[in-house]
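Have a go at each task before you read its solution.

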Amino acid sequence: YFDNGNKIFADARAKHYAVGAYNINNLEWTRAILRAANETKTPVLVQVSMGAAKYMGGFKFVRDMVADQMDAMNITVPVILNLDHGDYDAAMKCIELGYSSVMYDGHKLPVKENYARTKEVVRAAHQRGISVEAEIGKVGENQDTNSGELASVEDARAFAGLGVDKLACGIGNIHGIYPAGWRGLDFNRLAAIADAVDIPLVLHGGSGIPKEQVQKAISMGIAKVNINTEFQLAFQDATRAYIEAARDLDKDHKGYDPRKLLLPGTEAITNKMKEMIEWLGTPAVA
Ligand code: G3H
Ligand code: ZN
């Protein structure tokens, strides 16, 4: 049902483009993202964090919702379903449930433990043809000026040696909103890592990085760009504008109907994603 993305991301790294990894938060997000992918005929990675899955009622619900929407919407492009920033238990659970890709994020553990756990996840996932992403270094937290922790070339080699399919590396990137004093991506470190390993590299915290930096990173080996906050902001802005405009409309307009209320935000996500697809250079499927 879901593509594991291995061919897609290998092609992306080889040809210097990226495929977006878009986080879902609910049904509207799911439909907005699938729609943008289908309308542009581009492959898509739909991902869910542990927190978002909990919010929606669990990993199984998320799997079924995405699969059902693919059917309902006649989605014809490859869809990769990925667990985003999973701990060990979540990764094993999603492997069991048939996600086609899991990120095991052990970056908070001492690197030896991260390595050992990643190895176990790789073994379990690969038995079922499921793809694995690992994280080394540290992606900074929301508004963090110290930009996390740079991934080392040594760790990149070691984790690639485990057979992980994709590697998320801290290269000065930050989740959420970038603070005013942000120093930008560390291209020297990215170059060194890209030189050392040939697997597709992942850029987390893709929202709010200037376009030139995103595109330069892609030209150097980033093949997957994770985007979450950008869509949340687009949804918020469009929803706020709708509510403010609807305040003056009479009750016959039924602007309070959630099917109307949530529509502008949902459309804003689709539009924002189409813009991102252009940024990333994601090509249409043949
Ligand atoms: O794993 C998810 C991403 O790294 C999203 O980061 O919210 O800064 O776009 P973002
Ligand atoms: Zn992330």
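**Exercise 1. How many residues does helix α6 have, and what does it reach from its first C-alpha to its last?**

Before we start: this is a predicted model, where local features need pLDDT of at least 70, side-chain atom pairs count only at pLDDT 80 or more, and totals for chains, interfaces and linings use all residues. Residues are numbered from 1 along each chain as its sequence is written, while chains are lettered from A and ligands numbered from 1 in the order in which they are written.

*Step 1.* Helices (H or I, at least four residues) and strands (E, at least two) are DSSP runs, numbered from the N terminus. Helix α6 takes in residues 111-127, so to speak 17 residues.

*Step 2.* The expected span of a helix is 1.5 Å times one less than its number of residues. For α6 the reach is 24 Å, close to the 24 Å expected.

**Exercise 2. Which residues of α6 are buried, and which exposed ones sit on the face turned away from them?**

*Step 1.* Count C-beta atoms, placed from the backbone: a residue is buried if 20 or more others lie within 10 Å of its own, exposed if 12 or fewer, and partly exposed in between. In α6 that picks out N114, T118, V121, V122 and A125 as buried.

*Step 2.* They are on the same side of α6, because they cover an arc of only 110 degrees around the axis (the arc is that of the directions from the helix axis to the C-beta atoms). An α-helix has 3.6 residues a turn, so residues three or four places apart point the same way.

*Step 3.* On the face turned away from the buried side you'll find the exposed K112, E113, R123 and Q127.

*Step 4.* Now look at the cover: the buried residues of α6 have α5 (88-97), β4 (101-104), β5 (131-136) and α7 (153-161) among the elements over them. Contact here means C-beta atoms, placed from the backbone, within 7 Å. Just after the helix, G129 has a positive phi of about 70 degrees.

**Exercise 3. K41 and H85: where does each lie, and is each buried or partly exposed?**

*Step 1.* K41 has a phi near 60 degrees, positive though the residue is something other than glycine. K41 lies in the loop between α2 (27-40) and β2 (44-49), and is partly exposed, with 13 other C-beta atoms within 10 Å.

*Step 2.* H85, not a glycine either, has a positive phi of about 50 degrees. H85 lies in strand β3 and is buried, with 23 other C-beta atoms within 10 Å.

**Exercise 4. How many residues surround ligand 1, and which are the closest?**

*Step 1.* A residue is near a molecule if its C-beta atom, placed from the backbone, lies within 6 Å of it. That gives 14 residues around ligand 1, the closest being H204, S207, N226, N228 and T229.

*Step 2.* Two or more shell residues come from each of β3 (79-86), β8 (222-227) and α10 (229-246).

Notes
Two residues are in contact if their C-beta atoms, placed from the backbone, lie within 7 Å.
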